[in-house]
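Work through these exercises with the model open beside you. Each task is followed by a solution in steps.

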Amino acid sequence: MEFLFNPAVSREEWNEFIVRHGGGFLQSFEWAGFQEKAGNTVARVIVKKDGVTMLCASAIRHMLPLKKTYWYVPYGPVIAGAAHDKEKLICFFTEQFARVAGEEAIFLKIEPEEMGVQEVLAERGVRSAGAQPQETTIVDCALSEEEMLSRMKPKTRYNIKVAQRHGVKIISPDDQTQLDPEIFLSLLSLTATRHRFRTHTARYYRLMLESLLPQGASVVDHACAARLFYAQYGGEVTACALVMFFGKRATYLHGASNDVQKNVMAPYVLHWEIMKYAQKAGFLEYDMWGVATEGSSEETKRKWGGFSRFKLGFGGAVAHRPGAYDFPLRPLWYTIYRGAKKASRIVRQVRHD
């Protein structure tokens with residue numbers, strides 16, 4: 001097999017492979033470009049067998065104390081669906097990556113989407129905390145509108161109608177006279193403060209929008225693009241959503257709402273209109289991006305319980321991910337890193353208690 005580190009590859013060639021084999025926007029060419037603009041080092045890797053591409057992975061380098069680093073592959077690597085030797089591909093990928101990771105890199109973190117590689121990861125890697133949702137709910141947009149509505153919980157259908165009766169107006173990317181994206185950032189900040197969750201910096205989101213919001217209405221085939229959707233009530237934006245479109249899947253990445261007018265149920269009709277928008281644009285799935293289920297940890301249930309009930313009400317199928325696994329590149333340093341992480345958790349727990 002052949003291991004290609006940062007090969008000369010076009011956006012079209014890279015994205016075509018990722019889409020054809022079920023990869024998500026976190027492995028798109030554009031997302032890697034955005035990460036580079038945000039100041040991160042990104043490596044693209046291609047593994048070929050007999051001249052045929054069998055694996056692609058975008059890896060992002062993260063800084064650690066003492067000038068150490070680690071590499072992270074979000075929802076990847078993406079492996080060709082026809083590959084019968086996925087275990088060998090994963091092993092070859094991790095072994096070869098160790099050779100080019102750099103002396104300062106102490107481990108490689110892999111967090112794939114595909115459940116089929118979980119066994120080999122569990123055998124050879126160290127289970128670790130993931131950065132992406134391990135469970136999500138995906139709405140089938142290939143269904144008719146009537147079928148999508150029939151799969152929703154009665155309360156969700158009722159709340160959509162409530163919002164419609166209140167006259168909540170949805171401003172899609174196609175009909176907005178370019179509403180200022182700062183509206184989204186402001187509402188997201190208010191929502192994070194109200195619900196006590198952390199977000200990225202405003203600079204990070206501005207770079208994301210600058211990098212991924214298309215300038216025109218159309219999007220190049222197989223390109224990754226962000227879209228903003230707004231819900232207005234009484235002339236004011238009361239809810240908004242940032243949705244990533246890539247391949248045949250639309251993914252609800254970030255959202256925010258104003259509790260002052262929560263009785264009009266704007267988020268319900270907002271997501272219903274996003275689903276219809278995705279359907280008309282030819283997308284087959286709407287990923288609600290992370291839920292807590294009965295099988296989730298107690299901590300996840302506590303943190304995600306509220307918005308999970310909201311998301312699950314739209315009738316999507318629950319999809320599971322394998323989670324994250326570390327592959328130590330410098331065993332001694334990795335042991336020190338794990339020990340420091342454990343000590344930090346204990347200190348936080350003591351302070352919390």
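Angles of 65 to 115 degrees between two axes count as roughly perpendicular. Keep that range for the first exercise. The model is predicted.

**Exercise 1. Find how helix H6 and helix H9 are arranged, and describe their contact.**

Step 1. Locate the helices: H6 covers residues 154-165 and H9 covers residues 266-280.

Step 2. Take the geometry. The two axes come within 7 Å and cross at roughly 100°.

Step 3. Compare with the range. An angle of 65 to 115 degrees counts as roughly perpendicular, so H6 and H9 are roughly perpendicular to each other.

Step 4. List the residues that meet. H6 brings Thr156, Asn159, Ile160, Ala163 and Gln164. H9 brings Ala266, Tyr268, Val269 and Trp272.

Step 5. Sort them by class. The contact of H6 with H9 has six nonpolar, three polar and no charged residues.

**Exercise 2. Decide whether Thr191 is buried or exposed.**

Step 1. Apply the cut-off. Buried means under 20% relative accessible area. Thr191 has 6%, so Thr191 is buried.

Step 2. Look at its surroundings. Not counting residues up to four places away in sequence, Thr191 touches Phe197, Ala256 and Ser257.

**Exercise 3. Describe strand E12 and its pairing with strands E11 and E13.**

Step 1. Check burial. E12 spans residues 249-257, and eight of its nine residues are buried. The strand is therefore largely enclosed by the rest of the structure.

Step 2. Pair E12 with E11, residues 236-246. Eight bridges join these strands, which run antiparallel. Met244 stands opposite Thr251 in E12.

Step 3. Inspect the turn. E11 and E12 form a hairpin with two residues between them. In the turn, Gly247 has a positive phi of about 65°.

Step 4. Pair E12 with E13, residues 285-287. Here three bridges join the strands, which run parallel. Ala250 has Tyr286 in E13 as its bridge partner.

**Exercise 4. Which residues touch the most other members of the largest nonpolar core?**

Step 1. Start with the core, which has 68 residues.

Step 2. Name the residues: Phe25, Trp31, Phe93, Phe97, Phe184 and Met208.

Step 3. Follow Phe25. Leaving aside neighbours within four places in sequence, Phe25 is in contact with Trp31, Cys224, Met244, Phe246, Thr251, Leu253 and Trp289.

Step 4. Turn to the second core. This separate core has 32 residues, including Ile160, Ala163, Val264 and Trp272.

Step 5. Link back to Exercise 1. Ile160 and Ala163 in H6 and Trp272 in H9 take part in the helix contact.

Key:
Residues are numbered from 1 along each chain as its sequence is written. This is a predicted model: local features need pLDDT of at least 70, side-chain atom pairs count only at pLDDT 80 or more; totals for chains, interfaces and linings use all residues. Side-chain values use heavy atoms; hydrogens and water are left out. Axes are lines fitted to C-alpha atoms, for helices over the stretch in contact, and angles run from 0 to 180 degrees between N-to-C directions. Helices (H or I, at least four residues) and strands (E, at least two) are DSSP runs, numbered from the N terminus. Angles under 35 degrees count as roughly parallel, over 145 as roughly antiparallel, 65 to 115 as roughly perpendicular and the rest as oblique. Contact means heavy atoms within 4.5 Å. Ala, Val, Leu, Ile, Met, Phe, Trp, Tyr, Cys and Pro count as nonpolar, Asp, Glu, Lys and Arg as charged, and the others, Gly among them, as polar. Buried means under 20% relative accessible area, exposed over 50%, partly exposed in between (1.4 Å probe, protein chains only). A nonpolar core is a set of buried Ala, Val, Leu, Ile, Met, Phe, Trp, Tyr and Cys residues joined through side-chain atoms within 4.5 Å. Two strands pair if DSSP finds at least two bridges between them.
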